[in-house]
Amino acid sequence: MVIATELCALSEYRIYPGNGKLFIRRDGKPVFLGSSKAYSLTLQRKKPAKLVWTQAWRRLHKKGLAETTAKKRTRRVNKVARAVVGVSLDEIRKKASVKPEVRAAQRDAALKEIKARKSANKEKKVDRQARATGAGQRTKMPKNVKR
């Protein structure tokens, strides 16, 4: 047999038939209150979340949740290695498996090659400038300097 119960507006406890009070607010909304304590506190305009014995306070402070719901377990995301445009997955794995000493040696060799290339470019540039200003030609003078 099912018994029709109401919920107390303050404490959120069940109110069985024959118990509690029905309080009609000014705006016409019916408010069910389970005890004289709840009625008194409602008239004093006390907030249910500030009263330790109410369900609102328990919900706000996360009390009594352990027995109702277990914590959701999060899945660990598996990392998947993918090929990048221009480099296959095998090449990426080979580079990752190379020892750090070998990798450092390769890096040093690459840096030396870049430095050599830069110095060669610089020398070419100096040679071009020397040719442009021939032996018998005058060098350009700034306009604001008197001769």
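Read along the sequence, the elements follow the pattern β-β-β-β-α-α-α-α, giving the protein 4 helices and 4 strands. The model is a predicted one. Of the 147 residues in the protein, 8% are buried.

**Overall surface and contacts**

- The protein exposes about 14,400 Å², and carbon and sulfur atoms supply 55% of that area.
- Among contacts with a separation of 6 or more, 27% are between residues 24 or more positions apart.

**Largest pocket**

- The volume of the largest pocket is about 430 Å³.
- The pocket is lined by 18 residues, and those closest to its centre are F23, R25, V31, T42 and R45.
- Three elements, β3 (21–24), β4 (30–33) and α1 (36–43), each supply at least two residues of this lining.
- The element that gives the most to the lining is β4, with 3 residues.

- M1 lies in the segment before β1 (6–7).
- The relative accessible area of M1 is 98%, and M1 therefore counts as exposed, the cut-off being over 50%.
- Together with I3 and Y16, M1 forms a nonpolar patch on the surface.
- The accessible area of M1, I3 and Y16 together is about 410 Å².

**S11**

- S11 sits in the loop between β1 and β2 (14–15).
- With a relative accessible area of 3%, S11 is classed as buried because the limit for that class is under 20%.
- Not counting residues up to four places away in sequence, S11 touches W53, T54 and Q55.

**R58**

- R58 belongs to helix α2, which covers residues 55–60.
- R58 has a relative accessibility of 33% and so counts as partly exposed, a class that falls between the buried limit of 20% and the exposed limit of 50%.
- Apart from neighbours within four places in sequence, R58 is in contact with V52, K63 and G64.
- R58 and P48 are 10 residues apart in sequence, and their C-alpha atoms are 10.0 Å apart in space.

- M1 is exposed at 98%, S11 is buried at 3%, and R58 is partly exposed at 33%.
- As for their places in the chain, M1 is in the segment before β1, S11 is in the loop between β1 and β2, and R58 is in helix α2.

Definitions and conventions: Residues are numbered from 1 along each chain as its sequence is written. This is a predicted model: local features need pLDDT of at least 70, side-chain atom pairs count only at pLDDT 80 or more; totals for chains, interfaces and linings use all residues. Side-chain values use heavy atoms; hydrogens and water are left out. Patches are made of residues with over 30% relative accessible area and no salt bridge: like charges are joined within 9 Å, nonpolar side chains (Val, Leu, Ile, Met, Phe, Trp, Tyr) within 5 Å. Accessible areas come from the Shrake-Rupley method with a 1.4 Å probe; for residues, only the protein chains shown count as cover. A salt bridge is a side-chain nitrogen of Lys or Arg within 4 Å of a carboxyl oxygen of Asp or Glu. Buried means under 20% relative accessible area, exposed over 50%, partly exposed in between (1.4 Å probe, protein chains only). Contact means heavy atoms within 4.5 Å. On a 1 Å grid over the protein atoms alone, a cavity is a set of points where a 1.4 Å probe fits but cannot get out, and a pocket is an open set with protein on both sides within 12 Å along at least five of seven lines; lining residues have an atom within 4 Å of a point. Grid points are joined across faces, edges and corners, and a volume is the space filled by probe spheres set on the points.
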